[in-house]
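Thanks for making time this morning.

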Amino acid sequence: MILIVSILFSIPSVVKAQTFSIVPQTASINVHGTSNVHDWNMKPTKVTGELGLNSTKQISAITIKVEVKSLKSGNGIMDGKTYDAFDYKKNPYIVFQLTDASQAKLTENDTEVTLTGNLSFAGATRKISIKAIGKITKSGEYQLKGTVPLKMTDFKMSPPTAMLGTMKTGDAVTVKFDVTFKG
């Protein structure tokens, strides 16, 4: 009898947890980098992911997956060099998997979130922390905005080169994101 009562009392907290899926049409992810010739930007066209909130509306899970071949710069040669640098045939996705989230309320609507998790790309996985602003919108969606600096070499990735090595991209990139998750 005690087991049945304890199960019944635990059900409401499980029921209140929510899962949201990323809205790919409105997901804005911009990868910015430099080279010895000009700055560059790439944006993915294929992004999927899920966000979980627990019963107290705190982030409990996040998975985001970007298809490497969907990264587009507007320059086909650069895109091809980037795919090769990722070794996209062996590593077709960039994946972030949350391991921990800490949150602090900033305003009535906005929360500062530190997302710690494993970022995998180009055959390497590394633990990173991302500072973001999260909020539940009036329509009940969850929005995350932030910026994260990365170095390609931290993931054992060689920065792409072109024109027999005379054009070299910088090691550092900045990823800016504004993604919405809908329940």
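This is a predicted model: local features need pLDDT of at least 70, side-chain atom pairs count only at pLDDT 80 or more; totals for chains, interfaces and linings use all residues.

At the start of helix α2, a side-chain oxygen of N75 comes to within 2.9 Å of the backbone nitrogen of I77, which is a polar contact in the sense used here (a pair of N or O atoms within 3.5 Å, where within protein one must be able to donate a hydrogen and the other to accept it, and residues adjacent in sequence count only if both atoms are side-chain atoms). At the other end, α2 is followed by D87, whose phi is positive, near 55°. Helices here are DSSP runs of H or I with at least four residues, strands are runs of E with at least two, and both are numbered from the N terminus.

Residues are numbered from 1 along each chain as its sequence is written, and side-chain values use heavy atoms, with hydrogens and water left out.

Which residues of α2 are buried? They are M78, D79, T82, Y83, A85 and F86, where buried means under 20% relative accessible area, exposed means over 50%, and partly exposed is in between, with a 1.4 Å probe and protein chains only. Seen down the helix axis, these buried residues fall within an arc of 160°, so they line one face of α2; the arc is that of the directions from the helix axis to the C-beta atoms. As background, an α-helix has 3.6 residues a turn, so residues three or four places apart point the same way. On the face turned away from the buried side, α2 carries the exposed residues G76, I77 and D84. The buried residues of α2 pack against β3 (40-44), β6 (71-72), β7 (93-105) and β8, with contact meaning heavy atoms within 4.5 Å.

One of the buried residues is D79, with a relative accessible area of 7%. Leaving aside neighbours within four places in sequence, D79 is in contact with M42, L71, K72, S73 and G74.

Rings of Phe, Tyr and Trp (its six-membered ring) pair if their centres lie within 6.5 Å, and planes under 30 degrees apart count as stacked, over 60 as edge-to-face and the rest as tilted. By this rule the count comes to three aromatic pairs. F86 and F121 form a tilted pair, 5.4 Å centre to centre with 55° between the planes. Since F86 lies in helix α2 (residues 76-86) and F121 in strand β8 (residues 110-121), the pair ties together parts that are 35 residues apart in sequence. The rings of F121 and F155 have their centres 4.1 Å apart and their planes at 25°, so that pair is stacked. F155 lies in the loop between β10 (142-151) and β11 (161-162), so its pair with F121 in β8 ties together parts that are 34 residues apart in sequence. F121 is buried at 8% relative accessible area, F155 counts as buried at 2%, and F86, F121 and F155 form one aromatic cluster.

Elsewhere, the charged end of K65 sits over the ring of Y93, 4.2 Å from its centre; the criterion is NZ of Lys or CZ of Arg within 6 Å of the ring centre and within 35 degrees of the ring normal.

Turning to strand β10, which holds Q143, this residue counts as buried at 15% relative accessibility. A polar contact of 2.9 Å joins the side chains of Q143 and D178, and, beyond neighbours within four places in sequence, the contacts of Q143 also include I133, G134 and K135.

What, then, of the largest nonpolar core? A nonpolar core is a set of buried Ala, Val, Leu, Ile, Met, Phe, Trp, Tyr and Cys residues joined through side-chain atoms within 4.5 Å. The largest one has 44 residues, of which I59 and L144 touch the most other members. Strand β12 (residues 167-182) gives the largest share of this core, five residues.

Finally, for the whole protein, there are two helices and twelve strands, and buried residues make up 38% of the 183 residues. Among contacts between residues at least 6 apart in sequence, 57% join residues at least 24 apart.
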